[in-house]
Amino acid sequence: MTPQPPASRRRLRAPDERDFTSPLRSPAVTARVGLWLGVCFLVAFLTGLYSHEAQSAQPWFAMPTGPAWLYRVTQGGHVAAGTAAVPLLLVKLWTVYPKLFARPPRRHPGRLALTVLERGSIAVLVASGIFQLATGLANSAQWYPWGFAFPATHYAVAWVATGSILLHVAVKTPVVRAALARPVEDRSQDPPGLKPTGAGLSRRGLLHATWLTAGVALIATAGGTVPALRRVSVFATRSGRGPGGIPINKSARAAGVVEAASSPDFALTISRGETRRVLTRADLEAMPQTTATLPIACVEGWSATGDWTGVRVRDLTALVGTRGPAAVTARSLQESGPWTVTELPPRFVDDPTTLLALRLAGEPLDLDHGYPCRIIAPNRPGVLQTKWVSELEVTT
Ligand SMILES: Nc1nc2c(c(=O)[nH]1)N[C@H]1C(S)=C(S)[C@@H](COP(=O)(O)O)O[C@H]1N2
Ligand SMILES: [Mo]
């Protein structure tokens, strides 16, 4: 044992950057992990923007109705990229956190100001990055241990995170370039004081372990969307179970609609200005039926395909004298909650696979899937596939 000085003489001091001597901390590792972390954040940002626009009543580009699986892929990709980013971010932070203990250049006001600015921007970068991954993961598990509105906050902080990443990339490009150009195990540029490379984990080993962990995180989530991965996807909270092979997001009981939705007095109202038609479920069943194979693709990342049968929404709007494409507002029996109303733009109403569905997989809809009738349309976020529909209003 090394003899220790008596406690009274041991000077307490803050750690210094040079106290951290692992040779695994190197720009060679940080740059490689950072590159993939950047790719994950870019994918999450772009797919997130798409999702935000797809949910908006006035998207800034014309939302396409096809391919029907597009939203399923972008949103599955969004959640998968965010999940894979978790181990990458942890490793990256581990490789750089000793820099927190670098002594600021107190005697040079100019350099000190720059250091404060740089650390401030990194604080924003790290905080917003962790915030996005933590809130996104919690949302995909439908866990809301906070008081703010998730979609608006996650969207706003996405811009902060992306801005600070761009700034960071701009500042670090020369270092990253140099680091990527040298072999991972090259130690010629190491600062003095790092331990020699020993029998432990090598830099290459750390990188391989990191890729493996990110890959496992990805596969453990992707089963929410990729059927072949279901059995190994322990993180996929909803996959493939439920009536008609489709998971249930919010049950009729949780939505408070059991009584109204199972009542024999249920009737659907279709309106256009003063014109109004009221149809029972039997009336709807007597109309021409269409079957469409379409996915429910939830913003939480899971998705599942069903064979939906019901009446084309454009046939229903024709009943109140609508000619040509028109926008429709669909309202649910559910009285409160964020997803009780949806706007169907004219392009979606006109699509022959946009249905007011009465059946799933040949069976009458389960009460939890939206009985007596629900909206199902191609390439729409799950949140807009309104269940327990009681009103269709033609708005143009
Ligand atoms: N009225 C109503 N419709 C709703 C919801 C809701 O909470 N209320 N949830 C939506 C969400 S978030 C999704 S992903 C789908 C899920 O449909 P499912 O439960 O039939 O799978 O329904 C959508 N329709
Ligand atoms: Mo959803």
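Start by colouring the aromatic rings: there are 11 aromatic pairs in this predicted model. A pair means rings of Phe, Tyr and Trp (its six-membered ring) with centres within 6.5 Å; planes under 30 degrees apart count as stacked, over 60 as edge-to-face and the rest as tilted.

Two housekeeping notes. Residues are numbered from 1 along each chain as its sequence is written, and chains are lettered from A and ligands numbered from 1 in the order in which they are written. Because the model is predicted, local features need pLDDT of at least 70 and side-chain atom pairs count only at pLDDT 80 or more, while totals for chains, interfaces and linings use all residues; side-chain values use heavy atoms, leaving out hydrogens and water.

(Helices are DSSP runs, H or I, of at least four residues, numbered from the N terminus.) Tyr-97 is partly exposed at 33% relative accessibility; buried would be under 20%, exposed over 50%, with a 1.4 Å probe and protein chains only.

Next, pick Tyr-155 and Trp-159. Ring centres 6.3 Å apart and planes at 90 degrees make this pair edge-to-face. Both residues lie in helix α4 (residues 150-181), 4 residues apart, about one turn of the helix. Tyr-155 is partly exposed at 25%, and so is Trp-159 at 44%.

For a group of rings, select Phe-131, Tyr-144, Trp-146, Phe-148 and Phe-150, which form one aromatic cluster.

Time for helices. Show α2 (residues 70-96) with α5 (residues 203-222): they pack at about 155 degrees, axes 8 Å apart. That makes α2 roughly antiparallel to α5. Axes are lines fitted to C-alpha atoms over the stretch in contact, and angles run from 0 to 180 degrees between N-to-C directions; over 145 counts as roughly antiparallel, under 35 as roughly parallel, 65 to 115 as roughly perpendicular and the rest as oblique.

Including Leu-89 and Leu-93 of α2 and Leu-133 and Leu-137 of α3 in your selection shows part of the contact.

How values were computed: Helix = DSSP H or I, 4+ residues; strand = E, 2+ residues; numbered from the N terminus. Contact = heavy atoms within 4.5 Å.
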